[in-house]
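Look at the model below and follow its strands one after another.

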Amino acid sequence: MSFTAILRKSASSVAPLASRIIRVGQRDYHPALFSALKHQVNLPCKNPSLAVPFLQRFCSTVTETHRPSSNESILRALESEIKVAQETVGQDGVEEIPKEYPFKIDDNAGQQTVILTREYEGELVRVEVHMPDVVTGEDNDVDDGSDDNQRPVQSSIPLVVTVSKKCGTCLEFNCVAYADEIKIDSMSIIGPETSEDQMAYDGPNFHDFDEKLKKGFHKYLEIRGIKASTTNFLHEYMINKDSREYMGWLSNLKQFIEA
């Protein structure tokens, strides 16, 4: 009987044994496997050192036959995660925009921001809304010695508010919206000739402003629609968007792996 025929006849009994032996480690498996195979098949070669190349090829074939590909493992994990994401999106649903909502909402799938726009007495008010920083309620109070942090940690939404005049000059505010207040972190004046490459003077730190001036700018934004009733709706809206975008991202990733 030929050597190839012997291997075909004995493969079914040798394969499980080879799979177990190969796991003992690189330094021991060659002699041990040769000895084990010698009792299962009549090897034409009695010298372990000469049989090693064959054993390496044989064991590689055996283990690869039973090992799932990395793509298959990734796809199974992605399908499971997509199922969970679909259930989450189904529970949250799509947030209905209130009729009296003062802004037009521009929400494009695949983008991590939403743009709000409205006109107010000849000005264009534009709000760039970023994904929320969600707090589950299990965090402890934050206290690092500053007045701004003498408060419980809350979920929040980063906002960039731009109020533009027809002449092209605008005020830009970097804000954080909480459930009960809107905090202004910084503000700057941007002229029509200012380019992104230029480093315009931003003025003093907003927190160093006189209290009356700070209250005045908070009122300035509130009149233009930047207030708690506006941003509280955005909080739920952006949480739902985050779930939808995550599901879309998973689907795109799955399509890439499958291609």
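Two strands pair if DSSP finds at least two bridges between them. Strands (E, at least two residues) and helices (H or I, at least four) are DSSP runs, numbered from the N terminus. The model is predicted: local features need pLDDT of at least 70, side-chain atom pairs count only at pLDDT 80 or more, and totals for chains, interfaces and linings use all residues. Residues are numbered from 1 along each chain as its sequence is written, and side-chain values use heavy atoms, without hydrogens and water.

Six strands make up an open sheet with antiparallel pairing, in the order β1-β2-β3-β4-β5-β6. At the edges stand β1 (104-106) and β6 (182-190); each has a single partner strand, so one side of each is left without a neighbour in the sheet. On average, neighbouring strands are turned by 20° against each other, direction ignored; axes are lines fitted to C-alpha atoms, for helices over the stretch in contact, and angles run from 0 to 180 degrees between N-to-C directions.

Three bridges pair β1 with β2 (residues 113-120) in the antiparallel sense, and I105 has L116 in β2 as its bridge partner.

Further along, β4 and β5 run antiparallel and are joined by eight bridges. V161 is bridged to F173 in β5. The hairpin of these two strands has five residues between them, and there G168 takes a positive phi near 105°.

β5 also pairs with β6, again antiparallel, over eight bridges; the bridge partner of E172 is S188 in β6. This hairpin has four residues between its strands.
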